[in-house]
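Below is a short briefing on a structure with its sequence. The points are grouped by topic.

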Amino acid sequence: MTITLNHFSAALVFAFFASIVFGITHRDNTREMVRYGLYCFAMFLGGVFVAGWAMWVLRR
Amino acid sequence: MANTTTEKAKMAEAAPLTAMGVIAPAIGWLIPGAGHMIQKRWIRGALLFISIVTMFLLGLAMQGRIYRANGGDILEILGFVGDVGAGALYILSVAQDWGQGAIAFATADYGTKFMIVAGLLNFIAVADAYHIAIGKKK
């Protein structure tokens, strides 16, 4: 079985699972784990957009 | 001087060598999340298991490549270090000769990275299980 993901989908899936692990391992209580996980997810996705636009600017 | 001694005493008190301090990281490496589950952190362990295993399996499904321990250049060695973090998933994949990689698929490179990161995330989870075992974290 082969799965084909486009770049953004792969980044989204990556960010989702990595954020779960980061949230659990970097904080002590449940509330902080969820908040930090959401923060990491936002940073991952934000980074994808920033990097994408930066590459567009460089290419111009 | 007194502060350094006090700090060292506190660190030694927080890090006793216990059986769980060895077993939890070991089993957590072998089975992602198991190090948390044997310490009764069921939800954390389950989420870690689902996240890491899913990333690894997605990597395989995307025709990613698994690095073997056969030396080669530094990037292959680093890839191996990442992959081996997945524990039993890596052992099973190597035993079954999965993860040959597929140059024909552009997304195969994503798969390779997914598996490396799954291993690295499991290393983080193992460290977390260890910290729980030695009482440094709840």
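Lys40(B) sits in the loop between helix 3 (34–37) and helix 4 of chain B, and its phi is positive, about 65 degrees, although it is not a glycine. Most residues other than glycine have a negative phi.

The model is predicted: local features need pLDDT of at least 70 and side-chain atom pairs count only at pLDDT 80 or more, while totals for chains, interfaces and linings use all residues. Residues are numbered from 1 along each chain as its sequence is written, and chains are lettered from A and ligands numbered from 1 in the order in which they are written.

**Loop between helix 6 and helix 7 of chain B**

- Asp97(B) is in this loop and has a positive phi of about 60 degrees without being a glycine.
- Asp97(B) counts as exposed, because it has 8 C-beta neighbours inside 10 Å.
- Gln100(B) lies in the loop between helix 6 and helix 7 as well, and it counts as exposed with 10 C-beta neighbours inside 10 Å.

**Helix packing within chain B**

- Helices (H or I, at least four residues) and strands (E, at least two) are DSSP runs, numbered from the N terminus.
- Helix 2 (residues 19–30) and helix 7 of chain B have axes 8 Å apart and pack at about 160 degrees (axes are lines fitted to C-alpha atoms, for helices over the stretch in contact, and angles run from 0 to 180 degrees between N-to-C directions).
- Helix 2 of chain B is therefore roughly antiparallel to helix 7 of chain B (over 145 degrees; under 35 is roughly parallel, 65 to 115 roughly perpendicular and the rest oblique).
- On the helix 2 side of this contact are Met20(B), Gly21(B), Ala24(B), Pro25(B), Gly28(B) and Trp29(B), among the residues that meet helix 7 of chain B (contact is C-beta atoms, placed from the backbone, within 7 Å).
- Gly79(B), Phe80(B), Gly82(B), Asp83(B) and Val84(B) are buried in helix 5 (residues 74–84) of chain B.
- The cover over the buried residues of helix 5 includes helix 6 (88–95) and helix 7 (108–133) of chain B.

**Chain A**

- Chain A has two helices and zero strands.
- The radius of gyration of chain A (over C-alpha atoms) is 14 Å, well over the 10 Å that the globule rule (2.2 Å times the number of residues to the power 0.38) gives for 60 residues, so chain A is more spread out than a compact globule.
- The C-alpha atoms of chain A fill a box of roughly 45 × 35 × 10 Å along the principal axes.
- Of its 60 residues, 22% count as buried.

**Contact between the chains**

- Chain B puts 21 residues in contact with 15 residues of chain A.
- Helix 4 and helix 7 of chain B are the elements that give two or more residues to the side of chain B touching chain A, and helix 4 gives the most, with nine.
- Helix 1 (residues 7–26) of chain A and helix 4 (residues 42–61) of chain B have axes that come within 10 Å and cross at roughly 150 degrees.
- Helix 1 of chain A and helix 4 of chain B are therefore roughly antiparallel.
- From helix 1 of chain A, Val13(A), Phe17(A), Ile20(A), Val21(A) and Ile24(A) meet residues of helix 4 of chain B, including Leu47(B), Leu48(B) and Met55(B).

Definitions and conventions:
Contact = placed C-beta atoms within 7 Å. Buried ≥ 20, exposed ≤ 12 C-beta atoms within 10 Å, placed from the backbone.
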